[in-house]
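Have the sequence and the 3D view open as you read.

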Amino acid sequence: MKLQATSGTLSLIRYNPPPFSPPHRCTTPFSLPKHRLFMAACIDTSRAETAQTNQLSCEPNGSQLDDHMYKFANFCRPSFSDLVSCVPMSQNGRKRIHTSTVEDDLCGADLWLKIQDEARSDVEQEPILSSYYYSLILSHKSLESALANHLSIKLSNSSLPSSTLYDLFMGVLVEDGEIMGAVKDDLRAVKERDPACISYVQCLVNFKGFLACQAHRVAHRLWSQGRKILALVIQNRVSEAFAVDIHPGAKIGRGILLDHATGVVIGETAVIGDDVSILHNVTLGGTGKVSGDRHPKLGDGVLIGAGTCILGNVRIGDGAKVGAGSVVLKEVPPKTTAVGNPARLVGGKENPIKLDKIPSFTMDQTSHISEWSDYVI
């Protein structure tokens, strides 16, 4: 407080010093229109440049954001039931499988904007999560930054700080555009195929199968560069944090759904094609101490049911389906269904029943039962 003389009188003027900010930290006030809730989020120096301040109110005296900031739709899973399941199986092979949903038309930038809109919608519904969503989504300018930040927090521990992991993940994701293309395909895959996924932001924030797959992509990149020790450290942390054990040498395609993902084990020389769906407790392993190329190879559009073991250097053909609880030791031809322990083809080896739809999209794990068994409970 200070004194000031005005026209022969003294007036008191309150002095408001600038807010103190500790070194290498920043504070950004964030206001919500309905609940008039303020919060401050602090971001490490290495992430400060990624803060997206232009979409948030930085006026401490403002009680509301501009109206257009929060005019957005509620994005939830479409209610159509058979849109994906009606995709026919390609007769001439394919490099990638594409579905006919409108959301496929989203480019990378539009997808990130949609994720941010979904985050704002969630904050409006649950203001208690405002700081959580701000630090994970709304403070970042790009999907790369948000993903690197989230993975670094999930995989860090007392001796492996999140700042170190963030710099590592961010460097790989920014440098390798192929990985980010696969990340976006994986987001779309989860949203389209998993009925439990209500939004893209929920997949990015809460689905550990998606997060484990993206961490593996970074580890595989490091493994391919000869940085094997660092890649193995990431594999170990992913196994501890997400209960998903994927060797960094394994090759994984795009549009992957690891549904639930708990207990998934994928060996070093395994190869997984594009648009594959794998449920929990699946093992793609070896048969013993055989060295060299010793793990399964999954084609495009394959569905692997829960609790399945596929052992050895065997191929699961494009568009094939393996029923839950099966043990597969031999090749499964394309567009066929294998089930049982040991697994056998539905319809018999000589004339197996051929699938006309892509099993990884239909996620149909029971229609083969009537053709395989006459057992009735």
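On a 1 Å grid over the protein atoms alone, a cavity is a set of points where a 1.4 Å probe fits but cannot get out, while a pocket is an open set with protein on both sides within 12 Å along at least five of seven lines; lining residues have an atom within 4 Å of a point. Grid points are joined across faces, edges and corners, and a volume is the space filled by probe spheres set on the points. With that in hand: the structure holds one cavity of 30 Å³ or more.

A quick word on what you're looking at. This is a predicted model, where local features need pLDDT of at least 70 and side-chain atom pairs count only at pLDDT 80 or more, though totals for chains, interfaces and linings use all residues. Residues are numbered from 1 along each chain as its sequence is written, and side-chain values use heavy atoms, with hydrogens and water left out.

Helices (H or I, at least four residues) and strands (E, at least two) are DSSP runs, numbered from the N terminus. For residue classes, Ala, Val, Leu, Ile, Met, Phe, Trp, Tyr, Cys and Pro are nonpolar, Asp, Glu, Lys and Arg are charged, and the others, Gly among them, are polar.

The largest cavity has about 50 Å³ of space. Which element gives the most to its lining? That's α8, with four residues. At least two residues each come from α8 (208–224), α9 (228–242) and β5 (244–246). The residues around this cavity include A212, H216, I234 and D245, and by class the lining has eight nonpolar, three polar and one charged.

The largest pocket holds about 270 Å³ of space. It has 13 lining residues, and the closest to its centre are K330, E331, A343, R344 and L345. Strand β19 supplies the largest share of this lining, three residues. By class, the pocket lining splits into nine nonpolar, no polar and four charged.

**How the helices pack**

Axes are lines fitted to C-alpha atoms, for helices over the stretch in contact, and angles run from 0 to 180 degrees between N-to-C directions.

| Pair | Axis distance | Angle |
|---|---|---|
| α4 and α6 | within 11 Å | roughly 80° |
| α4 and α8 | 11 Å | about 100° |
| α8 and α9 | within 8 Å | roughly 170° |

Angles under 35 degrees count as roughly parallel, over 145 as roughly antiparallel, 65 to 115 as roughly perpendicular and the rest as oblique. So α4 and α8 are roughly perpendicular to each other, and α8 and α9 are therefore roughly antiparallel.

Contact means heavy atoms within 4.5 Å. Where α8 meets α9, the residues involved include L211, A212 and W223 of α8 and L230, I234 and F242 of α9. That contact has 13 nonpolar, no polar and two charged residues.

Helix α4 also touches α8: L147, H150, L151 and L155 meet F210, L211, Q214 and A215. This contact has six nonpolar, two polar and no charged residues. On the α6 side, L143, E144 and L147 of α4 meet M180, V183, K184 and L187.

**The sheet**

Two strands pair if DSSP finds at least two bridges between them. Six strands form an open, mixed sheet in the order β7-β10-β13-β16-β18-β19. Its edge strands are β7 (257–258) and β19 (343–345), each pairing on one side only.
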